[in-house]
Amino acid sequence: MSRIVLKNGRVMDPASGHDGVADVLIADGKIAAIGANLEAPEAFDATGLIVAPGFIDMHVHLREPGFEHSETIETGGRAAAAGGFTSVCCMPNTNPVNDSAVVTTYIIERARRVSPVNVYPIGAITKGSAGEELAAIGAMKQAGIVAISDDGRPVMNARVMRRAMETAKSFGLPVINHCEDLNLSAGGDMHEGFESVKLGLRGIPACSEDVMVARDILLAEVTGARYHVAHISARHSVEMVRFAKARGLPVTSEVCPHHFTLCDSDIVPYDSNFKMKPPLRSCFDVQAVTEGLATGAIDVIATDHAPHPGSEKMQEFERCPFGINGLETAIGLSLEQLVHTGRISLMTMIAMFTIKPNAVLNLGKGRLAAGETADVTLFDTDRAWNYDLNKSQSKSRNSPFHGRPFRGGQVATIVNGEFVWRLDR
Amino acid sequence: MTRGLLGIENLDRAEIEAYLERAKFFQAHGEGQFKKLDTLRGKTLVNLFFENSTRTRTSFEIAAKRLGADTISISSSGSSTSKGESLVDTLNTLAAMRPHAIVMRHAASGAPHFLARHLEMPIINAGDGLHEHPTQALLDALTILDYKPKLEGLRVAIIGDIVHSRVARSNVYLLSKFGAGVVLCGPAPLLPPALGQLTNNVTLTHDIREAIAGADVIMMLRVQLERQHETPFPPGDYFRFYGLRPDHLNLCKPDAIVMHPGPINRGREISSEVADSKHSVILNQVENGVAIRMAVLERVMG
């Protein structure tokens with residue numbers, strides 16, 4: 001295998017706290033050395049770039065099997081690489097649902113052949129994600145899932161959720177929940193508030209998230225399970241996660257870039273590129289999740305990359321499916337909203353894409369040190385660029401950030417010592 | 001955006017006044033035997049109704065015919081949308097036949113706004129979901145002005161299922177632009193507090209007597225059962241607390257008018273005695289609907 005050296009970049013590794021200009025020598029898919037004046041047959045000039053451990057996106061939808069018209073493991077993997085990610089965790093709401101070892105194995109085998117990045121499947125909590133009977137959690141664990149979740153179809157029955165947590169704990173798996181009380185949110189298309197009333201769209205109230213976060217935290221305490229709140233968006237939910245952490249519970253949470261970037265009043269009226277779950281919340285919620293990132297209530301940045309083809313998004317707002325693409329704009333939005341504004345340090349941002357998700361999922365990833373697998377994300381913090389959705393690697397084109405100018409973004413992605421994506425410079 | 005009419009929110013006073021002035025001309029012209037005009041001769045109007053409607057569709061048709069236009073009316077059950085065609089494709093197909101405007105009613109809020117971003121064709125919104133119903137607000141203003149010298153300073157009570165009402169929203173925008181005070185009244189689940197922020201001229205109450213006290217205009221709304229995913233208020237209690245009865249009329253101004261966009265449900269939101277009383281101008285609203293729609297069609301298609 002090849003030897004390559006990344007020359008003269010600013011190497012930042014949250015696990016060790018290392019932050020300094022150095023060369024990174026990669027050999028045989030591993031980090032061989034980090035230091036001065038390292039040489040190899042092939043050199044990549046990383047001057048002015050951040051050299052970070054490979055970024056992990058613990059919440060994506062790759063749509064395969066079953067919805068290959070929206071995305072595939074291959075195209076989603078390419079979009080991840082183009083977004084600076086070296087590992088993604090794919091949610092189980094495929095067709096069939098990933099509720100068995102067979103589907104898990106299919107995804108892993110398929111990814112091994114076609115995906116440029118590491119793919120870690122998340123298994124369903126219940127059979128068919130129907131919320132009634134537990135899925136084959138143990139068998140899926142043996143096949144390679146890293147967590148369980150009924151993302152998009154939250155477990156409404158508290159008893160089932162309790163049993164799922166008990167089971168997950170016994171297999172050493174975290175439980176990830178998409179927190180939404182479906183009775184409270186029924187029929188809703190956007191955040192309930194002044195904007196929804198004005199536009200005449202039915203609301204998804206913040207309390208539909210809050211009540212389920214509250215329930216799950218109480219169940220996590222009862223069961224001792226590791227519990228992770230997916231795409232947190234509401235301010236009281238952030239407060240409750242803070243409360244759970246203060247009690248010493250193994251509770252973590254993630255936020256999506258669009259939820260710390262946009263609020264409901266930023267929605268272009270009836271443009272379905274602004275429709276997702278949870279919905280874009282009020283400016284107070286945006287402020288709360290941003291503070292939650294800065295103060296530690298929120299651990300991880302994840303994209304909830306949810307591709308849908310244009311034919312499904314080009315409809316009346318209330319008929320469109322929920323979800324937007326996120327892989328290729330995550331670093332740019334995080335820099336824009338969190339680092340350039342001084343809300344968090346660059347090192348903290350990198351941690352939220354690396355060791356923090358790894359701590360939730362135990363992937364054995366997220367470090368940049370000699371001996372580690374050579375998964376590396378290279379990005380810069382100042383280059384001006386615009387996001388052009390038409391050049392996206394994803395199969396779908398649903399994003400509210402088309403044409404948005406960014407300052408700083410991904411430059412190259414290395415998985416197992418090989419470049420899987422490079423910016424045309 | 002096209003030069004259609006999508007809503008009241010983004011119109012200014014001058015535009016609204018222009019519609020009302022022109023409608024007054026058509027009102028006068030319509031007295032006695034109506035003489036057909038040829039303002040829109042040779043022009044084609046498509047009425048595209050994705051939701052049931054008798055009065056609005058008929059009103060637009062009559063307005064168009066009185067101006068000499070050719071009209072085609074399509075209801076969703078008779079169109080290819082029932083065969084799985086998307087709304088954009090349906091509209092593109094119609095637009096390819098080069099009508100001069102499309103009047104559209106749709107159950108989805110924002111459906112005409114969404115289409116207007118993708119089509120050149122002028123679109124006239126004949127009601128979109130829970131959002132706006134601009135020609136209704138215009139005809140309501142025309143009707144009020146038949147009985148009151150001006151809108152400024154009037155107290156207008158709008159009572160009923162406010163959150164599901166496009167009529168309420170369009171009226172709030174129009175009346176506020178002219179300095180009328182609007183009181184919105186309904187059961188709590190149908191009157192979210194955010195409605196009070198629609199304009200600076202809006203107040204909210206759950207007490208019908210408070211809403212009516214001193215009112216110059218009372219607008220009753222239908223309970224839109226078809227738009228609700230639940231039963232937000234005990235149906236048996238509705239008339240008891242939010243139905244307009246004769247004794248209520250002692251609370252408003254003596255010359256107050258009672259309006260209703262129709263169709264009325266006697267005994268549910270309004271008693272028969274009130275609907276048929278001298279205060280009621282419900283049929284005048286229907287009549288004025290034609291004049292307003294003539295003014296709108298003339299401006300958009302002329």
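How many C-beta neighbours inside 10 Å does Val223(B) have, and does that count as buried or exposed? Val223(B) has 23 of them, so Val223(B) counts as buried. The views below come from a predicted model, in which local features need pLDDT of at least 70, side-chain atom pairs count only at pLDDT 80 or more, and totals for chains, interfaces and linings use all residues. Residues are numbered from 1 along each chain as its sequence is written, while chains are lettered from A and ligands numbered from 1 in the order in which they are written.

**View 1. Val223(B) and its contacts.** Val223(B) sits in the loop between strand 8 (217–220) and helix 8 (235–242) of chain B; helices (H or I, at least four residues) and strands (E, at least two) are DSSP runs, numbered from the N terminus. Buried means 20 or more other C-beta atoms within 10 Å of a residue's own, exposed means 12 or fewer, and partly exposed is in between, with C-beta atoms placed from the backbone. Leaving aside residues up to four places away in sequence, Val223(B) touches Gly160(B), Asp161(B), Tyr238(B), Arg268(B) and Glu269(B) (contact: C-beta atoms, placed from the backbone, within 7 Å). Gly160(B) is 63 residues from Val223(B) in sequence, yet their C-alpha atoms are 6.5 Å apart.

**View 2. Helix 2 of chain B and what covers it.** Helix 2 (residues 55–66) of chain B runs for 12 residues and spans 16 Å from first C-alpha to last, close to the 16 Å expected at 1.5 Å a residue (that is, 1.5 Å times one less than the number of residues). Its buried residues are Thr56(B), Arg57(B), Ser59(B), Phe60(B), Ala63(B), Ala64(B) and Arg66(B). Their cover includes strand 1 (44–49), strand 2 (70–75), strand 3 (101–106), strand 4 and helix 10 of chain B. Just past the helix, look for Gly68(B), with a positive phi of about 90°.

View 3. An automatic or database assignment sets the domain bounds: domain 1 is 13–133 + 286–301 and domain 2 is 135–281.

Technical notes. Two residues are in contact if their C-beta atoms, placed from the backbone, lie within 7 Å.
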